[in-house]
Amino acid sequence: SGAVVSNWVIRDASGAERKAFGTGVRLVQGTLVDSTVCHCYCTTTSNGLIDGIGVNMDGGLMDRCVISNVTESGSLSGDYAAYGAGLYQKGGKVRNTLVTRVTGESQEAVCVEGGEFENCTVVSNFNKLAKTGRNVAGVYVRGAGIARNALVSGTISSLPGVGETNLLVGA
């Protein structure tokens, strides 16, 4: 239940360093359906928490959406924690959603820390530096996150041969 947002295009959102949560969309509850979140950008130069530049989700439902062309950039230093440049999910449900062309300095395209991520496609994403040591450009499932029936393909990490470029589970 709650608010419903349908058939929207959310684009050209930018955030500054430190605590950039949901520069494109911050979904706390309610429903986002048949919508596109694209061309979101965040730059950081020091310590920061940048989770879900495209979409940061605590609860609710995201269904039949597209997250694309999300970029995290900057010269990172210090104590840096960043999860899910395209989508950071702590709760709720994401279904039938495409996440593509997400570029992170140090984070994956999607992080599912809680809630359910199902019937989604995550393709053509890039992790430049893998500064966090996770070396995953696709999907990172951790904590109480549940991911099922997803396609993850064509992700590239700057540390080839280290492994887990499409999917990392745990930690």
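Over how many bridges do S12 and strand S16 (residues 98-104) pair, and in which sense? S12 and S16 pair in the parallel sense over five bridges. The legends below describe close-up views of this chain. The model is predicted: local features require pLDDT of at least 70, side-chain atom pairs count only at pLDDT 80 or more, and totals for chains, interfaces and linings use all residues. Residues are numbered from 1 along each chain as its sequence is written, and side-chain values use heavy atoms, with hydrogens and water left out.

**Figure 1. Overview of the chain.** The chain contains zero helices and 25 strands; both are DSSP runs numbered from the N terminus, helices being H or I of at least four residues and strands E of at least two. Of its 171 residues, 49% count as buried (buried is under 20% relative accessible area, exposed over 50%, partly exposed in between, with a 1.4 Å probe and protein chains only). Among contacts between residues at least 6 apart in sequence, 78% join residues at least 24 apart, where contact means heavy atoms within 4.5 Å.

**Figure 2. The open six-stranded sheet.** The strand order is S1-S6-S11-S15-S18-S22, with parallel pairing; two strands pair if DSSP finds at least two bridges between them. Strand S1 (4-6) and strand S22 (146-148) stand at the edges with a single partner strand each, so one side of each is left without a neighbour in the sheet. Neighbouring strands are turned by 5° against each other on average, direction ignored (axes are lines fitted to C-alpha atoms, for helices over the stretch in contact, and angles run from 0 to 180 degrees between N-to-C directions). Within this sheet, strand S15 (residues 93-95) and strand S18 (residues 116-118) pair over three bridges, and the bridge partner of Arg95 in S18 is Glu118.

**Figure 3. Strand S12 and its pairings.** Strand S12 (residues 66-73) pairs in the parallel sense with strand S7 (residues 36-38) over three bridges, Thr36 having Val66 as its bridge partner. Strand S8 (residues 41-43) also pairs with S12 in the parallel sense over three bridges; here Cys42 is partnered by Glu72. Towards S16, the bridge partner of Ile67 is Val99. The loop between S7 and S8 holds His39, a residue other than glycine with a positive phi of about 55°. His39 counts as partly exposed, at 34% relative accessibility.

**Figure 4. The nonpolar cores.** The largest nonpolar core has 29 residues, and those with the most contacts inside it are Val55, Met62, Leu87, Val110 and Phe117. A nonpolar core is a set of buried Ala, Val, Leu, Ile, Met, Phe, Trp, Tyr and Cys residues joined through side-chain atoms within 4.5 Å. Strands that each supply at least two residues of this core include S5 (25-27), S10 (55-57) and S17 (110-112). Apart from it lies another core, of six residues, among them Tyr83, Val136, Tyr140 and Leu168. Leaving aside neighbours within four places in sequence, the contacts of Leu87 include Gly52, Met57, Ile67, Val94 and Cys111.

Figure 5. Gly145 is found in the loop between S21 and S22 and counts as buried at 16% relative accessibility. Its C-alpha atom is separated by 3.8 Å from that of Gly114, 31 residues away along the chain. Beyond neighbours within four places in sequence, Gly145 is in contact with Val112, Glu113, Gly114 and Gly115. The side chains of Glu113 and Arg142 meet in a salt bridge (3.5 Å, N to O). Arg142 lies in the loop between S21 and S22 and Glu113 in the loop between S17 and S18, so the pair ties together parts 29 residues apart in sequence. Arg142 is buried, with a relative accessible area of 18%, whereas Glu113 is partly exposed at 24%.

**Figure 6. Further salt bridges.** A salt bridge is a side-chain nitrogen of Lys or Arg within 4 Å of a carboxyl oxygen of Asp or Glu, and by this rule the count comes to eleven. Asp58 is partly exposed, with a relative accessible area of 27%, and Lys90 is partly exposed at 38%. Arg148 and Glu118 form another (3.1 Å, N to O), with Arg148 in strand S22 and Glu118 in strand S18. Glu118 is buried, with a relative accessible area of 14%. Salt bridges that share partners join Asp34, Asp63, Arg64 and Arg95 into one network.
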